[in-house]
Amino acid sequence: MKAIRILFVASLLAATLSCAERKPSTVGASSEVERRVDQLLSRMTLAEKIGQMNQVSAGGEVANYADALRKGQIGSILNEVDPVKVNEFQRICVEESRLGIPLLVGRDVIHGFHTVFPIPLGLASTFDPALVEEGARVAAVEATGQGVRWTFSPMLDIARDPRWGRIAEGSGEDTWLDARMAEAMVRGYQGDLSDATAMAACIKHFAGYGAAEGGRDYNSTFLTERQLRNVYLPPFEAAVKAGALTLMTSFNDNDGVPSTGNVFLVKDILRGEWGFDGLVVTDWNSMGEMIDHGFGTDRKDVARKSLEAGVDMDMMTYGYLSHLEELVHSGAVKESDIDQAVRNILRVKILLGLFENPYVDVEAGRAVQYAPEHLAAAQKTAEESAILLKNDGVLPLKADAVRNILVTGPMADAPHEQLGTWAFDGQAAHTVTPLKALQERFPGKVTYVQGLKNSRSRRERFDDVVAAARRADVVLVFLGEEAILSGEAHSLADLNLKGAQSDLLAALQAAGKPVVATVMAGRPLTIERDLPHCGALLYAFHPGTMGGPALVNLLFGDVNPSGKTPVTFLRTVGQAPLYYSHHMTGRPYNGETLLDEIPEEAGQTSLGNTSYYLDYGAYPLFPFGFGLSYTTFAYSGIALDREAYGTEDTVQVTFTLTNTGACAGTEVAQVYVRDLVGSITRPVKELKHFERVALEPGESRTLTVGIPVADLAFVGLDGVKKVEPGEFQLWVSGDSASGKPVSFEVK
Ligand code: NOJ
């Protein structure tokens, strides 16, 4: 009796404490929402609760799911985009299930729905969060128009190894840029939650997935807690703060613990430290795959481990559906943990207004697909996204001088391929290729010879295309890789242009006419050997539906290129991983001897003992943040408002940016900071601010940018995130490898 009383008092105390300590809702749930959640939960049977935690993939007839929906065994469906079927699913749930709880319908709407925008790596190349937000809104309007209220995007995995095919799906190598893109996409997708076009974002993959060993998808990662906290987790935290409604756990095991069963990541950091009260879903069968990892004996075991980690919904393992009831009855899991998970699910459904408005207006939804303003936004994004990597003066082309353009290459007229990975709903018929755009703009002046059937084709002779090149006044060759060569499970160990593409380019150059290469790809390929064979090279991470007109506008100078690379371009794949924000070794490379300079009788220690590759040195082909324009920009007068700052202060940096060329252009001004000495070694540079600045020719603008000292905090030796006083350097420049630093101190 006494024991029971003590228990009762203890639980009362716990309840009071948990009320008092309750953190504000990260998803913006009011007490009224909580009241509705609790009320509904109190009416649910254990089986109904477990049903909410089950997500299945659609396919086939509604009848296949009707019974399970009626019994309340499915909380969410993914991959149904037929609005008529979605409405029928909802009708069964709302009208025929005992409690009438609507479904959450999910889909991978990754860079647009019908109107496809550039792949996320290309979105990041714009360095334009406002435009990216607009694109996410367009995606939400189109997808919700067909009943999709939940997208599995944005992917926030930092990727520093271009062998990894999923580098296409994220914002590249940098934590700061990734975090800004994360916030923009969350805001864009979710918009105003009270609106029927609100689509829940799902930040993924939590966490560290992009650090897959060897760049091979699904591979293990071995990130330390400090690396996670300093590099890989901040974009997730930023997205949680921006109100992301849901999160997906990742496939990888980090340091031996698969994410779907990772108590430290999900329960301690996400739920505990960040207070996330949204919905956590597994990746596709990532619960079941914990058995393959060797982290659980069977489905029952991994279902228990997932629940204990704080995972609410099971995508496609059927582990919760099959085993949770039995686990509760045997006492192996607590029903209160199930209640918690169901609360998180119901909260999202209520916030999205699904109870009030479960159905989609089929006609209205159809009408917004491929709306002209959506296509315009996609084109603008593709224009801002493409990166000019080389220009010996051949670009921009002069439209009025064009008589005979040769268009060639496997990506010139490959509508499906230019959409990139994860473009399930984009249609080739609506996609405008460069060839189509050129033919439309220059009727009768375009000769098209495909040259190579696809990127992998091998060929020894190019007689026909070379003959056509001789007759042309300019050669536009479109190279790269098809959509299927990047994305999930599509890693590569060799990053050169595939097949005979490099040979084609060399053969075209030998024809003696100006050659402009455009590369469309899902990753930064190793194009060093190709650069000498073209006068100019424009790089477009798969640019989407409107890629054709966007690229043509750039080539002809209607739009001046302004994209900057969000990821380092390697000279050769063996340099991977190579990224700008590396730490300094004790023996930094300083231009020491390379392979072909080694003297005959060189002694073992005579080459200089520094950190580099004998055959490739230590530098990339193009650094992070790099991208040319048809004009040039100069930075001058970089000055700080003070020499020393407190940890609460803001560094005000003033600089003048001048357009020193002959045409209008937009520069992405970038601010980098280095913390010279810390309790742990720090990156040689870290991006802390960027902004796009449009300038007329000859125009100068003086800008002042505030960098809060708090943004320089990191998790140091004591495991606490804070700013460590000391000396800092700051650069303002047009890429991560140029500029001269100014110094300041934090006291
Ligand atoms: C597996 C992928 O890893 C994930 O990103 C995606 O959202 C799910 N499948 C659902 O399609």
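A crossing of two helices is right-handed if the near helix is turned clockwise from the far one by less than a right angle. Keep that in mind. The model on screen is predicted.

Let's start with H2 and H15. H2 covers residues 31–42, and H15 covers residues 335–351. Their axes come within 9 Å. They cross at roughly 125°. Angles from 65 to 115 degrees count as roughly perpendicular, and those over 145 as roughly antiparallel. H2 and H15 are therefore oblique to each other. And the handedness? H2 passes H15 in a right-handed crossing.

Who touches whom? On the H2 side, look for Val33, Glu34, Arg36, Val37, Asp38, Leu40 and Leu41. They meet Asp339, Val342, Arg343, Leu346, Arg347, Ile350 and Leu351 in H15. Sort the residues of this contact and you get eight nonpolar, six charged and no polar.

Next pair: H13, residues 299–309, and H14, residues 319–329. Here the axes are 9 Å apart, at an angle of about 85°. H13 and H14 are therefore roughly perpendicular to each other. H13 brings residues including Arg299, Ala303 and Leu307 to the contact. From H14 come Tyr320, His323 and Leu327, among others. This contact divides into five nonpolar, four polar and four charged residues.

Now the ligand. How many residues surround it? The count is 13, and the closest are Asp108, Arg166, Lys204, His205 and Asp283. Take three of these. Asp108 has a side-chain N or O atom 2.5 Å from a ligand oxygen. For Asp283, the distance from a side-chain N or O atom to a ligand oxygen is 2.5 Å. Arg166 places a polar side-chain atom 2.7 Å from an oxygen atom of the ligand.

Key
Residues are numbered from 1 along each chain as its sequence is written. This is a predicted model: local features need pLDDT of at least 70, side-chain atom pairs count only at pLDDT 80 or more; totals for chains, interfaces and linings use all residues. Side-chain values use heavy atoms; hydrogens and water are left out. Axes are lines fitted to C-alpha atoms, for helices over the stretch in contact, and angles run from 0 to 180 degrees between N-to-C directions. Helices (H or I, at least four residues) and strands (E, at least two) are DSSP runs, numbered from the N terminus. Angles under 35 degrees count as roughly parallel, over 145 as roughly antiparallel, 65 to 115 as roughly perpendicular and the rest as oblique. Contact means heavy atoms within 4.5 Å. Ala, Val, Leu, Ile, Met, Phe, Trp, Tyr, Cys and Pro count as nonpolar, Asp, Glu, Lys and Arg as charged, and the others, Gly among them, as polar. A residue is near a molecule or strand if one of its heavy atoms lies within 4 Å of it. A polar contact is a pair of N or O atoms within 3.5 Å; within protein, one must be able to donate a hydrogen and the other to accept it, and residues adjacent in sequence count only if both atoms are side-chain atoms.
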